Every structure is written in structure tokens, then in C-alpha cells.
Amino acid sequence: MSDENRREPLLIHGSQRMPMRVAAIGKRGRGVVADACLKQGQLVERSPVLVIPHVDRAATDDTIVFTYVFMWEHDTVEEDLYRHKGRAAIALGFTSLLNHAYSPNCAFVRHIDELAMDLVALRDIEPGEELTIDYQMTLWFTPE
């Protein structure tokens, strides 16, 4: 591979997480809350992921694990989880614990080959505000 085609490895450092905490969010159960001001476009968290191979999906998709995973194949979307084919992944940070919102304040970015996921602020977020993402799939619950 030539130097011009070589990509820098995606590094994951403990410092790549902004101050946040898991908290009770009323009827929504647990959620993640910002403990500092976050600016639009800011990296909120970079997490390594635990990949669930296709062969293990049948054992996990019918469990609560399914509600915390992301689709982990190139050229797929979260709705593809319902096909029960391919790999899925759990973010080993706070990202898998974020609640859904149709107008979220964060977005996730899958780095499939690097086995990592970024959480990025879509707008400025105040301390004490819940961090949310759009699950990008048919929901298995009725949102508030």
C-alpha cells in the first residue's frame, strides 16, 4: 500500500470522553446526561466496540442485548438489524446507553474497520441535559 493510501489508525484514548454520567431519566429509565457544556460538532465520546459475529446473533437478538447494539457491516443501516444477518456491535462506553429522540442532540459515527464508534454533538448541549441519538430504525417501544 502506498503512503498516500495509508490511513492513520483510529486511536482510542480515555481522554476522548467528555464529562457525562448515567442518570435516572423519569419514565425513560436510565439515560446519559452531560456534565459539561458541549459544543456543536464536538467529539463527545470515542468508544471501542464489542462485535457480535453473525453466528452469535441468533443467541443474542432475542435478548435485551438487541436493544443496545448497532449494525456493524459496511453499507448497512440500523434498520438492517431486523434482518438478523451480519455483525452487530455494542459500544463499550456510554454510547450504547443513550436514549432515542427523533430530534437528537448527538449522532453516532460507526468506524467499522477500526472497531470504534464516535458520538458527536449535533448542537450545543448544556450541563444536565440528556444526550440522545436517533436509533434510525423502527422502534420496538412507543417514544414519549
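Predicted model: local features only at pLDDT ≥ 70, side-chain atom pairs only at ≥ 80, totals over all residues.

Student: How do strands of a sheet pair?

Tutor: Strands in a sheet are paired through backbone hydrogen bonds, in either a parallel or an antiparallel manner. Here, β3 (residues 43–52) and β5 run antiparallel, joined by 4 bridges; Leu-50 has Ile-90 as its bridge partner. Strand β4 (residues 70–71) also pairs with β5 in the antiparallel sense, over 2 bridges, and Met-71 stands opposite Ala-88.

Student: In what order do the 5 strands of the open sheet lie?

Tutor: The order is β4-β5-β3-β8-β7, with antiparallel pairing. Because β4 and β7 (106–111) are at the edges with a single partner strand each, one side of each has no neighbour in the sheet.

Student: Which residues have the most contacts inside the largest nonpolar core?

Tutor: They are Val-44, Cys-106, Met-117, Ile-125, Leu-131 and Ile-133, in a core of 22 residues. At least two core residues come from each of β2 (30–34), β3, β5, β7, β8 (116–121) and β9 (130–133). Strand β8 gives the most, with 3 residues. Another core, of 7 residues, lies apart from this one and includes Ile-52, Met-71, Leu-81 and Ile-90.

Student: What is Ile-133 in contact with, beyond its neighbours within four places in sequence?

Tutor: Its contacts include Phe-70, Leu-98, Cys-106, Phe-108 and Leu-119.

How values were computed
Residues numbered from 1 in each chain as written. Heavy atoms only, no water. Pairing = 2+ DSSP bridges. Core = buried A, V, L, I, M, F, W, Y, C linked by side-chain atoms within 4.5 Å. Buried < 20%, exposed > 50% of the residue type's maximum accessible area, 1.4 Å probe, protein only. Contact = heavy atoms within 4.5 Å.
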